[in-house]
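Dear colleague,

Please find below a structure that I am handing over to you. I would be grateful if you would look through it before reading the notes that come after it.

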Amino acid sequence: MARTKAKGGHSGTRRTRAGEEAALRRAARAAEHAPAPIAVYAEDGRVLYRNPAAAAAFGPAAGAGDAFAAQFVELGRAAEVRRAVAAEGAFLGEVALVTGRGPRWYVLAAHRADDPEGGGACLVTHSADASEKRRTETRFLEAIENSPAAIALYDADDRLVVCNGVYRRIFSIPGRLPPDRHRPGARFEDMLRIFTEAGGNPDVGPDKEAWIRARVARHRNPSGPIERHLGAGRWVLIDEHRTGDGGILAVISDISEFKRRERELAESEAQFRAVFEGSALGVVLLGLDGTIREANAAFRRMSGFDAGALRGRALAALAAPEDAEAVAKVVRDLVIGQPARLRGEFRYRRSNGRPLTLDQTTALVRDGEGRPMFLLATGDDITRRKKTELALRESERRLRAVTETAVDAILTTDEVGTVLTWNRGAASIFGLAARKAIGRPLAALVSEAGAGEAGGGGLTGLQRLLGDRAFHGRTVELTLRNKSGASLPVEVSLSGWNAQGERHYTFIVRDLTERKRAEEERAALTAQFHRAQKMEAIGTLAGGIAHDFNNVLGIILGYADIARLDAPAGSRLAEYLDHVVAAGERARLLVQQILAFSRSYERDFRPVHVETLLKETLALLRATLPTTVELSRDIPARLPPALADPGEIHQVLMNVVVNAYQAIGDRPGRVGVSARERMIDGGCAASLVSEQKLRRGRMFRVVSEADGEGGSAWVGLLEPGRHVAITVEDDGAGMDYATLERIFEPFFTTKAAGRGTGLGLPAAEGIVMRHDGAIRVKTQKGVGTIFTIFLPVHDEEGAPAPAPIPAGEALVGRERILVVDDEPLLARLAEQSLGRLGYRVEAMTSPLAALDAFRADPSGWDAVVTDQTMPQMTGADLTRELLALRRDLPVVICTGYSERIDRANLAALGVRALVMKPVGANNIAKIIREIFDGATTR
């Protein structure tokens, strides 16, 4: 058994060697004449065969040892070859092998060669010397890497083959790009997109994808160098070329410095051009032969020639004949270098032949190496300068004239305060002539009021400002004392200036006496304004309460009227009721006074017979006057009408007459009322307004008489023409001048608390002013006062006198009337008072209920009397709804607050009459009767 095994072992060895020999013979026959090294190795690495080329390169065949591995410079590569052949059957790659000439690079191809008879396997290698190729590639890569330009090579598929460090540095953004972006095999488009997304191409525009597509297309089809801005001031020049194998070679140069210098050059050129063209002096660029290359706008303007006419022309040819040689000599002397710059005055001729004299400086400009380049001549128009000097002298004369005629004090001093100039204004303000002031210290002439009086010392007055720099260039207010010691408020401006190396100061001193007086008057006007604001506030308050207050007065007066009808004539009850009515009328007038200030009172201007109003007013007042006051009157039966609001004129008369009897007090006295027509001609009107001054928006004049114990006052302006003059005089206490000055001020009163509001006369004044009238007051303390009210006559002839309110049968009616008022007592009052006169009245407190009642029977009502201010619906809105149902329906609106009531709009709406509250039963019955009897709308 052992022998068999041994026999078998020897037999296997023989077969292996036989196979090796067979493989060797086959390889030898194939490779003997091959130019490339070919070798066959046993599985253990022994050399079985090397052809002549391999023997020459690696030495003869050796039968022992791992000769295959020993020939590799890097032993690990031998194991790599064996693994590749074992796994894949072949290996192809560049390796470094040990040769008789030292290490060299070969392209090694290795594969397995099996014995067809199963005698074993061999490793067959084929080698090609690649050292020169490797050296060429190494030199190429070294050249690329050491190139100052950025270089990148792309294959035919647009994938990166190789790029140098300059390329990687140019197309990098630290901290914002992946480090392996420039790895071999990376696509150009991918690298471009990553760089662009990171902000590396700031000029791509809004459509980034379109820009990337265009750039890739340009890369694949190069058409010449392109400049690209990479941001942060970096610029590159990209020059791409297609290679023979279809790839792209890109050479990128950093042109940032070139671009910077190009920009600096452009900026320098622009600056030069701006200075050249923008210079106010004439500037000419000359060749070395003296011909003009360029002339700036100022020189063209001076000479009158355009650029084309000047270019190529000798500068000396423009000179006046007498200076042409001098100009040419300047050019010659500068070109030969002696001297480098020349200045002088030269005469030229303008294009129109007129002379032009220039103060000219000509210089030679050289390059960096000292070679002459061109001449530069700059010139100023001496003619203009001489005109300026002449104008300056004229200005100085004007300044002296202004200084001497100025109202302000204008004076100059030297640094220590000695007066150098002293104008007439200073002489006037400080009371000291110039001949006495010039040359003297300023401190000796003018001092500050109060300075030094508390023990202080040092300079005072204006001179104190010289040493304090904080005052220089500013305006300050001081109170000074002039030479006579009078106190003088002034405003001082101080400025310093140099003259012939010495410091001088100019003071401008303005007398503020009038300004201070005006400020005091302004303060007084401000106080009046505050009082006006108070009056406005009262007007606003009055407007708010007028509706409710008039409703209360309407109830009191209405039921008093009804009660008087039931009271026996001459009885004490009738007398009491008369007093109630009189008090109610006074309350009504007081509300109208307050409403007049707030402009909430509805005015009804129409021709009015004043004598009728006077009689009615006096009849009403008679019951309220004390029996100790005699009331006399002198009123014609007929006076021309005045265009007025009867209620307002009635209010004026009440205020003035009440003011007259209150001035009498508790002692016996007399109040006289008279009326006359007066003709105011031009001379009379002028005398009335002479010496008047504007106060609170109207003409007001007060004249003192008897050392302030009386005087006369006039308010208002009259136009020449016919006027009605109403005179109210009393023999009361009279007024002194101080009181007379304030009688028309709101809230001013001399009466005891609770006896007056201070609104009566201001209200009368406002009403008369609105009627284009005037008021004259004459008074003397202890004697009495006379008020005369002037109202312009209405020129319309035939204006009827207002008829008195009828009584009895004249007010009786049978019509059906709907009364609407949200105040239940007023609604009930209207129902009772009109019902007593025969009218069929239905009163309602809800406008919505009244509207429903009217809708139920529109033709069943003869008239509607409604309040204006009601919840749910105003009187105007109710009227609009009623007239939409029946257009011919007579409607009367009553209101006590008419700020938002427009009589014209109500008339256009169809309202027949607008009545101001409070209104008595007889008054409303009279208005209704007028409507039914065909009277015009009120």
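The notes below concern the cavities of this structure.

Please bear in mind that the model is predicted.

The largest cavity

The volume of the largest cavity is about 280 Å³. Its lining is made up of 21 residues, and those nearest the centre are Asp 821, Leu 826, Ala 830, Cys 894 and Val 919. At least two lining residues come from each of helix 17 (513–566), strand 32 (816–820), helix 24 (824–836), strand 34 (863–867) and helix 28 (921–932). Helix 24 contributes the most, with 5 residues. Sorted by class, the lining comprises 12 nonpolar, 6 polar and 3 charged residues.

The second largest cavity

For the second largest cavity, the volume is about 200 Å³. It is lined by 18 residues, of which Tyr 167, Phe 171, Phe 188, Leu 192 and Arg 215 are the closest to its centre. Helix 7 (188–197), helix 8 (208–220), strand 8 (226–231), strand 9 (234–242) and strand 10 (248–254) each provide at least two residues of this lining. Helix 7 has the largest share, at 4 residues. The classes here are 12 nonpolar, 2 polar and 4 charged residues.

Yours sincerely,

A colleague

Conventions
Residues numbered from 1 in each chain as written. Predicted model: local features only at pLDDT ≥ 70, side-chain atom pairs only at ≥ 80, totals over all residues. Heavy atoms only, no water. 1 Å grid on protein atoms, 1.4 Å probe; cavity = no way out; pocket = protein on both sides within 12 Å on 5 of 7 lines; lining within 4 Å. Points joined across faces, edges and corners; volume = space filled by probe spheres on them. Nonpolar A, V, L, I, M, F, W, Y, C, P; charged D, E, K, R; others polar.
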